[in-house]
Amino acid sequence: MIEAVNLNKSFITPRGRIDVLKDFSFSIENGAFVGITGKSGAGKSTLLSIIAGLQKPDSGSLVINGTDLLSLDDKNLSLFRNQNIGFVSQEQSFLENFTVLDNVRLPAFLGNKKVDDGTAKTITERANQLLGSLGIAHLAQNYPNTLSGGENHRVLIARALINNPAIILADEPTDSVDLEQTQSIIKIFRGLANEGKTILIASHDTEALKLCDSEIKI
Ligand SMILES: Nc1ncnc2c1ncn2[C@@H]1O[C@H](COP(=O)(O)OP(=O)(O)OP(=O)(O)O)[C@@H](O)[C@H]1O
């Protein structure tokens, strides 16, 4: 469960101070598939990045499955993020000199202090399985710069899922893909929600949003 109480976040910009989140509270049950909506600049990406532990709010509380995120030091926050949260964001990039398979496997290796041959084999199997379930198994040995926009999205999703996180956050996951791919990406998220994972997508896309269970409006 994600419980946010009175989150506040402001930025000081050359245009002055912007209050992006003002006493913003919500709670999301495990297994929910939630769309985060709001006009451009409303704060959707900021909210996702706070839930992902990548930015801190100025005040408020944020508890995810019993862990008070804002009380964790950097090391424990990184560990929590690696084990519990999959974040799909367009600003994320791949390591261009590594194959799709290696990029997808990377977070699993980062999360394991000791990686013996058995662990590496299991990670590779899981990465290949994820690529298969996303319909891009044939791209495993490709390099990121050869991917289309839609393929790129799917690889980002595979990478976000490699550590089997309980919470999946996606920022505009259907941006710049066609309707067929939108439905296919949303179907993947729906399947994960049905497995009990909590899915939050920030989106302007009405086609994607109408497939969510509920909406949080900023
Ligand atoms: N690091 C930052 N420094 C200063 N201002 C910022 C920073 N990050 C975001 N903002 C501002 O905060 C506001 C919210 O940004 P955010 O990206 O969260 O909005 P959004 O709802 O995701 O927008 P969009 O739908 O256009 O992606 C915007 O006015 C943005 O310019």
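The shell around the ligand is made up of four nonpolar residues, seven polar and one charged. This is a predicted model: local features need pLDDT of at least 70, side-chain atom pairs count only at pLDDT 80 or more, and totals for chains, interfaces and linings use all residues. Residues are numbered from 1 along each chain as its sequence is written.

**Exercise 1.** List the residues that surround the ligand, and state which element gives the largest share.

*Solution.* 
1. A residue counts as near a molecule if its C-beta atom, placed from the backbone, lies within 6 Å of it.
2. The ligand is surrounded by Phe11, Thr13, Ile18, Val20, Gly38, Ser40, Gly41, Ala42, Gly43, Lys44, Ser45 and Thr46.
3. Two or more of these residues come from each of β1 (2-13), β2 (16-28) and α1 (44-51). Helices (H or I, at least four residues) and strands (E, at least two) are DSSP runs, numbered from the N terminus.
4. With three residues, α1 gives the largest share.
5. In the division of the shell, Ala, Val, Leu, Ile, Met, Phe, Trp, Tyr, Cys and Pro count as nonpolar, Asp, Glu, Lys and Arg as charged, and the others, Gly among them, as polar.

**Exercise 2.** Describe the phi angle, location and exposure of Asn6.

*Solution.* 
1. Asn6 is not a glycine, yet its phi is positive, about 50°.
2. The residue Asn6 lies in strand β1.
3. Asn6 is partly exposed because it has 13 C-beta neighbours inside 10 Å. The cut-offs are 20 or more other C-beta atoms within 10 Å for buried, 12 or fewer for exposed, and partly exposed in between, with C-beta atoms placed from the backbone.

**Exercise 3.** Do likewise for Glu172.

*Solution.* 
1. Glu172, also not a glycine, has a positive phi of about 45°.
2. Glu172 lies in the loop between β7 (167-171) and α6 (179-194).
3. With 19 other C-beta atoms within 10 Å, Glu172 is partly exposed.
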